Amino acid sequence: MDKNRIKMQQFERQHKETLFSKINEVGSKQFDSISSLTTSAKDIGQSNVDIPNASTTLNNKIVELSKEFEKAGLSMFASKIELYDTIGSSFLGDAIIHDLIDQLAESSEKLINYTKELENITKIKNEQKLALQNISPMKKFLLNLRALFVPVKPVDLSLTEEEQKTLNTALKDYKDIDEKMWKYNLKDNLVQSLVKAIAGSQKIGDIKIEHNYEAMNVPDLLEENIIPDLKKLKLDSLIPQLQDELVEEYKKDLPDPKTFKISQEDMFLYIPNFKKYEKNEENKNEEKSVENRRNIRNGVTLKDFSTIDKKVSESSRRTTLNTLKREIRPIREISKLNDRKIAKEEEISLE
Amino acid sequence: MTLVYENALAEVDSILKLMPEDLLHKIPNSFLNFIAQKKSKSYIPNLDFDLSLDEQNLLEETRTILSLIYRSYLCN
């Protein structure tokens, strides 16, 4: 089996193991707390208590999406990084997983919020119960006597409408996120994940980095890491939307033109410029057909050298250069200059 | 120098002869002389004039030397 294929499978296996074991860890904690929450909620009379486990949803969603990648001949967990001839994680896969994990984290916060509301209301109900139980025997006797003459409504310890609403709203917030995760699909949600992964900000210590990727590097990032996979997934229709949304994201951080005006030439430093690849796309088909008609009967051009160069690895170049260096010696070249013979020592260098 | 490199230089030499003058002038004479001296005198490159350069059945070493020439002398 191909060495790269083996490395890819190893990397994929490791990445999957780490990811799913973390999800399972969160999942089992959530399962315990959901179990006790369901019991508590039913005890105080909340209706329609059906609490899904968001970690299970996440797990199943990732499995489902990974199958879509596999059908397209890709892995959601690993990819070959051509430039460095190594195996790394898949950019698309990582963007999706991080987005879903963020949603899981949000769902956990909502669940905590629901737990607090439930605890508050349970506390109130328990206090009411306790208050009833702590009436002195004399007072109890007098109340019972009064009840003979004045009808008294039984004390209702069930949830009020407002309390039901509070609990239902808090639970719905959690369930909404769970449903959002379940409905995640590549066609409708991949662009949002990619925009987040590329243009999202991060904080390292006290330093806030506005965007994960500099605007000027984004076109190349798309061209090398994202567009090829989108084409394999038959999602190239998403490319214009992705480009537009990225441009809008980066535009948000443009300085106020009143304080600092950016020249057109420098704009690519602030907003990704995808036009250079659009132009190349138009010419590519033209160039391809011209290339196909080319043969060396017409001579050899710079383009021919460039085509060869693209396919030669850095390691081959290094090896050959070292071999040639051993052979290259300074050569005396006698050149005529103004009718005088001048001995000129010229060192050949391929660097 | 190993035989394979001598053969590769022979291939490179025959390819350089197909270059236009303006490109060839970018390669120093000293390097051209080096190729002329070190190339194999017995190896006859087999170029197919109906194919493009990339489609030619060249030695890997030839392609690498062409890449080095391109990067060192030809591209801006």
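Chain A holds 11 helices and six strands. The model is predicted. Of the 351 residues in chain A, 20% are buried. Contacts in chain A also reach across the sequence. Take those between residues at least 6 apart: 71% of them join residues at least 24 apart.

Start with a pair of helices in chain A. Helix α2 of chain A covers residues 54-71, and helix α5 of chain A covers residues 161-183. Their axes come within 9 Å and cross at roughly 10°. Angles under 35 degrees count as roughly parallel. Therefore α2(A) and α5(A) run roughly parallel to each other. Which residues of the two helices meet? From α2(A) come A:Ala54, A:Thr57, A:Leu58 and A:Lys61. Facing them in α5(A) are A:Ile177, A:Asp178, A:Met181 and A:Trp182. By class, this contact has five nonpolar, one polar and two charged residues. An α-helix has 3.6 residues a turn, so residues three or four places apart point the same way.

Now move along chain A to helix α7, residues 218-232. This helix has 15 residues. From its first C-alpha to its last, α7(A) reaches 20 Å, close to the 21 Å expected at 1.5 Å a residue. Where does α7(A) kink? The kink lies at A:Ile226, shortly before the proline A:Pro228, and is about 45°.

A:Ile226 is also one of the buried residues of α7(A). What do the buried residues of α7(A) pack against? Their partners are three helices of chain A: α3 (91-133), α6 (186-199) and α8 (239-251). After α7(A) comes A:Lys234, with a positive phi near 60°.

Finally, turn to where the two chains touch. Chain B puts 33 residues into the contact, and chain A puts in 28 residues. On the chain B side, α1 (3-16), α3 (29-38) and α4 (60-74) each supply at least two residues. Which of the chain B elements gives the most? That is α4(B), with 12 residues. By class, the side of chain B that touches chain A has 19 nonpolar, seven polar and seven charged residues.

Conventions: Residues numbered from 1 in each chain as written. Chains lettered and ligands numbered in written order. Predicted model: local features only at pLDDT ≥ 70, side-chain atom pairs only at ≥ 80, totals over all residues. Contact = placed C-beta atoms within 7 Å. Helix = DSSP H or I, 4+ residues; strand = E, 2+ residues; numbered from the N terminus. Nonpolar A, V, L, I, M, F, W, Y, C, P; charged D, E, K, R; others polar. Expected span 1.5 Å × (residues − 1). Bend = angle between axes of the 7 residues up to and from the residue. Buried ≥ 20, exposed ≤ 12 C-beta atoms within 10 Å, placed from the backbone. Axes fitted to C-alpha atoms, helices over the stretch in contact; angles between N-to-C directions. Parallel < 35°, antiparallel > 145°, perpendicular 65-115°, else oblique.
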